[in-house]
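Visitor: I am new to this structure and would like to be walked through it with a few careful questions. Could we begin by looking at it together?

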Amino acid sequence: MRSLVLIGHGSHLNGESAGAVYRYAELLRGRGLFDEVIEGYWKEEPSLRQVLKTTASTDITVIPMFISEGYFTETVIPREMGLGHQGPVPEGGVARVIGGRTVRYTLPYGVHPAMTDVILARAHEALPDASPQDTALIVLGHGTTRNENSSRVIYQNADRLRASGHFAEVHALFLDEDPKVGTWPGVVKAPRVVVVPFFASEGWHTLETIPEDMGLTGTVTAFPDHPHGPQQVFYAKPVGTHAAVADVVLHLAEEARGAGGQGDHERGHEAAWQTFLERARAGLRVGEVLLTPELGVFELRHMLDEGLPGGELVTLVTPEGVRDRTRVTDGGDHRPVHTLRTLPRGWRAVLNEADLRRAVHYLYPAVVEETYAHSCHALRHTPWATTARRQTGIYAKVQKATPAQVEHVAQEVCSGCLRTRLWAGERLTFTFLDGVPGGLPCAEACTFLVAEVREEVSGKRGAGHGHGH
């Protein structure tokens with residue numbers, strides 16, 4: 001048995017940030033090459049601290065869904081997942097045994113040599129008859145002065161494409177380091193130019209910044225007064241949204257696995273879900289969700305919709321439908337923390353037992369596993385001081401927070417959450433597995449609280465913050 005974990009950045013503010021990882025997970029799930037495909041995030045749930053608990057296998061491959069190496073892939077992800085590794089990741093990845101699981105951590109997909117073919121595919125989508133006689137290619141990266149690895153992958157792809165002979169010229173340009181994208185008119189001589197953004201997803205940079213810096217007005221822009229004569233610029237979609245990225249992820253996974261054998265079912269994980277299913281077959285409330293068995297299937301709905309006729313509710317029939325419906329509040333706001341008391345109403349899900357597991361995983365990531373571990377006295381709590389000491393980069397500031405500041409923020413943020421703060425010394429005697437609906441453990445302060453404490457220390461918290469942030 002094998003598990004594949006895709007790690008994205010996620011966002012406390014914007015649900016679109018996680019969308020690309022969800023789409024790739026669905027593509028890879030459809031291939032059937034892994035027994036399960038799980039998503040994990042830095043700023044959403046399941047968090048990097050939780051995600052390994054949500055895997056069913058003892059053989060796990062972790063792929064960072066990032067476009068280049070850098071701070072997140074070399075520092076944050078390995079640290080938060082407890083991989084015992086910091087710094088550049090070797091070509092074959094790193095392997096660790098963690099709690100009886102073999103965990104293989106790879107390079108980010110963006111640095112794989114197969115991404116050169118994805119750039120080429122994007123270029124030909126934008127300009128099908130691109131030719132070495134009259135077409136230049138710009139591979140456009142973000143760049144950063146903080147980590148030289150960020151730009152290295154852009155130069156490597158540009159070199160490979162230049163050597164391939166598909167284009168008259170190939171240039172590597174950047175948003176945030178030299179040579180900058182705004183210099184392109186003085187650099188590119190060919191009458192036709194294809195620009196391929198080497199970005200993970202469609203977003204502010206690809207939709208706003210790049211077109212503005214280059215003077216683009218759409219997918220095709222004419223520049224009749226260009227210094228080297230009239231030019232046409234063809235603007236491609238970002239490489240990270242191409243379906244072929246799924247193949248790159250599979251290449252990375254196989255290269256990391258090497259001659260590794262098959263894993264087994266992780267016993268604690270399986271025991272947690274079997275206990276949950278036993279309770280579910282008799283009817284159960286988990287957080288704000290009522291779960292009712294009906295003729296071999298299960299119905300899920302918001303507890304406040306109890307008794308409403310099914311015809312008055314939107315009916316969902318897939319785990320993905322449940323996920324997408326419950327990622328936003330009734331007001332349309334993003335829900336980065338799923339156990340906040342903001343679950344939307346007006347829906348019911350009708351699912352078989354296999355789909356129920358995935359739907360509950362999407363509704364309340366890691367809750368079943370952590371609650372079962374708590375009931376077995378096996379859930380480790382991480383005090384605030386330990387969480388704070390682990391933070392680096394812009395979040396290192398939280399180490400300066402006083403206990404009073406942490407508690408002030410927690411009272412506002414955590415009061416809206418269903419979980420009991422074990423990390424702050426609160427006690428939880430009974431859980432939803434014992435029939436107590438509100439019994440959900442919280443073993444460690446979430447990244448949402450960490451971010452809010454940082455705002456408090458920085459003096460930036462005020463009206464409008466809190467759990468709607």
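The questions and answers that follow concern a predicted model.

Visitor: Which residue in E5 does Ile-60 stand opposite?
Guide: Strand E3 covers residues 59-64 and strand E5 covers residues 101-105, and the two pair in the parallel sense over four bridges. The residue in E5 that stands opposite Ile-60 is Val-103.

Visitor: Where is Pro-179 found, and what form does the peptide bond from Asp-178 take, cis or trans?
Guide: Pro-179 lies in the loop between strand E7 (169-174) and helix H5 (184-187). With omega near -5°, the peptide bond from Asp-178 to Pro-179 is cis.

Visitor: Is Leu-295 buried or exposed?
Guide: Leu-295 is found in the loop between strand E12 (289-294) and strand E13 (297-302), and its phi is near 50°, a positive value in a residue other than glycine. A residue counts as exposed when its relative accessible area is over 50%. Because Leu-295 has a relative accessibility of 92%, it counts as exposed.

Visitor: And His-377, is that residue buried or exposed?
Guide: His-377 sits in the loop between helix H11 (367-375) and helix H12 (384-390), where its phi, near 60°, is positive although the residue is not glycine. Its relative accessibility is 78%, so His-377 counts as exposed.

Visitor: How far apart are the end C-alpha atoms of helix H14?
Guide: Helix H14 runs over residues 447-458 and has 12 residues, which at 1.5 Å a residue should span 16 Å. The distance between its end C-alpha atoms agrees with that expectation, at 16 Å.

Visitor: What covers the buried residues of H14?
Guide: The buried residues of H14 include Phe-448, Leu-449, Glu-452 and Arg-454. Just after the helix, Gly-459 takes a positive phi of about 75°. Among the elements covering the buried residues of H14 are H12 and helix H13 (403-413).

Notes:
Residues are numbered from 1 along each chain as its sequence is written. This is a predicted model: local features need pLDDT of at least 70, side-chain atom pairs count only at pLDDT 80 or more; totals for chains, interfaces and linings use all residues. Side-chain values use heavy atoms; hydrogens and water are left out. Two strands pair if DSSP finds at least two bridges between them. Buried means under 20% relative accessible area, exposed over 50%, partly exposed in between (1.4 Å probe, protein chains only). The expected span of a helix is 1.5 Å times one less than its number of residues. Contact means heavy atoms within 4.5 Å.
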